[in-house]
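Please open the structure in the viewer and keep the selection panel at hand.

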Amino acid sequence: MRKAAIVGIGHTVFGNLSDYDLVDVMSFASTNALDDAGIRENRKIIDQVLVANMGGGIINHQTGIASSLVSRIDLEPAMAELVENGPASGASAVKLGYSLIASGMADVVMVTGGELMRAVTGWVATDFVATLLHPEAEYNYGITLPGFGGIFTRMYMERYGLTEEELSLVAVKDHENGSKNPWAHVETICTIEGICNSPDAKVVNNMVADPLRMYHMCPVSDGAATVILCALDSPKMKYFKEKEPILLNGIGSATDTHCLHHRKDPLELTAVRLSAERAYKMAGLKPEDISFAELHDAFIILELAISEEVGFFKRGKAREAIVKGITRINGSLPINTSGGLKAKGHPLGATGVSQIYELVKQLRGEAEKGRQVKNPKHGLSVNFGGFGNNVVTTICSKE
Amino acid sequence: MDIDFSQYEPFKPVVYAVKCPKCGTLDYPAPMICKNCGERRDPSGAIFSAWEKVPLDGKCKLLGWTKLYALPEGIEKKYLLFGVVEFENGLRAIGRLLVEEPKTGMELVSTAGLVREIPGEDVAGFIFDIAG
């Protein structure tokens, strides 16, 4: 199978970009990537554009987004398609981009993920995200994704004895990392005292989906991110001389039941485990080879649960890692160095691409001061669709 | 002239599981293929068999729950409680929880009722409460 490298990356700030047009936001990340790759002049070498987006048609009233992006940044006659896989659209698009290269259908693929969720009220955005649930058995009741996060968190706490303070340490870590990331939606730090133990904590950190509080979940964000892939054996690699190519070393995905109640053990994230196994197998790596990771912490309990499913820690033991600081930036296995979805933000279609952007940034040694992992070799990301019913794991490596 | 009053019958919702005609496996919500034996279900009954509908209600056990304040468009309440339960026949479901201070593992009774009003449509579903 052909191998591919990531040869260019781009990003916008995550936050409230509702004054802008969805495709303009995607265009900004895409042109940043063209510049990063050093191919703005030679941009027509791009064979294929894949756009990851979940809600353009529903909340932004825009369709045909991939064709629109191609035209907005003058990439015709490149092939272009939209990829929708809920909150995992981004990594799915990268996976499909890699597949096109592996099959020989394309040599250079641009993948841009973007979402403009703050164009509508939080009430409408929450409803839009909930449309990925089972219409009859879940959505109809008025339950939303944070509700599933709350049910999952309580089950985890009751089985493994995780406390609210231990859980909140994930938020403290992610905010610390996000405060050093210029693209992050939330750039402020928080403390355990402030969000958990002080008399004001219950007011500052209000309940959203018991036992999950506001600081336990990601914000609603706008934003976009881009990666450009090129086949390592392609003559077009000669155009990418400015930055160190980062190998797209392993990528795997898996699905699980649509309804949470169909899972024998709702705490087992089977699709996470299987997607990671597939990615490890493709890369020829094991969990202990990974230097750092970006894990889909839309609800921070997921950082702990996913870190166990991908084999970093045994079940129920991720709490010890967060307490001991193992997953902090200077720990032995830093997790969510970008701030994660918790602090960096979660523009659905952009998230998976943004996670891979962060892997490349770290592997190149370009992360900002205070959040650069020391000598990383392999980075892993998990992009979690639905409530774990479609998951993509990606591994990037220094060549 | 006789007047047909049937259309004015009160709202009496029932939530159904379905039973595979080949192997008898129960499932909720209705799948298009039996997880156990692969038998196809045809909602119209025109090509393949329409499966028997089995009312799903009665005693159940609370497996997990949340009190949710992040509600979607159209629900004008401060919060709602939701639970995941397991019925005596082994089927599981998510539904509205009326118990204000739930405990995981508690015994509940499920009935069907109005769970959401979407303009032009009354949505029926599971409502879980303490027995009696």
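Which pattern does chain B follow, read along the sequence? Chain B follows the pattern β-β-β-β-β-β-β-β, with zero helices and eight strands; helices (H or I, at least four residues) and strands (E, at least two) are DSSP runs, numbered from the N terminus.

This is a predicted model, in which local features need pLDDT of at least 70, side-chain atom pairs count only at pLDDT 80 or more, and totals for chains, interfaces and linings use all residues. Residues are numbered from 1 along each chain as its sequence is written, while chains are lettered from A and ligands numbered from 1 in the order in which they are written.

**Chain B**

Next, select strand 1 (residues 16-19), strand 2 (26-27) and strand 3 (52-55) of chain B. Three strands form an open sheet here in the order 2-1-3, with antiparallel pairing; two strands pair if DSSP finds at least two bridges between them. Strand 2 and strand 3 of chain B are the edge strands, each pairing on one side only. Strand 1 and strand 3 of chain B are joined by four bridges, and Val18(B) has Lys53(B) as its bridge partner in strand 3.

**Where the chains meet**

Now show both chains. In contact (C-beta atoms, placed from the backbone, within 7 Å) are 25 residues of chain B and 27 residues of chain A. Strand 4 (58-68), strand 5 (80-87), strand 6 (92-97), strand 7 (107-118) and strand 8 (121-129) of chain B each supply at least two residues of the side that touches chain A.

**Two helices of chain A**

Select helix 1 (residues 22-37) and helix 3 (residues 65-72) of chain A. Their axes, lines fitted to C-alpha atoms over the stretch in contact, with angles from 0 to 180 degrees between N-to-C directions, come within 10 Å and cross at roughly 55°. Leu22(A), Val23(A), Met26(A), Ser27(A) and Ser30(A) in helix 1 meet Ile65(A), Ser68(A), Leu69(A) and Arg72(A) in helix 3.

Keep helix 3 of chain A selected. Its buried residues (20 or more other C-beta atoms within 10 Å of their own, C-beta atoms being placed from the backbone) are Ile65(A), Ala66(A), Ser68(A), Leu69(A) and Val70(A). Their cover includes helix 1, strand 2 (48-52), helix 2 (56-59), strand 3 (79-83) and strand 4 (108-116) of chain A. Finally, select Asp74(A), which follows helix 3 of chain A and has a positive phi, near 60°.

Note on methods:
Buried ≥ 20, exposed ≤ 12 C-beta atoms within 10 Å, placed from the backbone.
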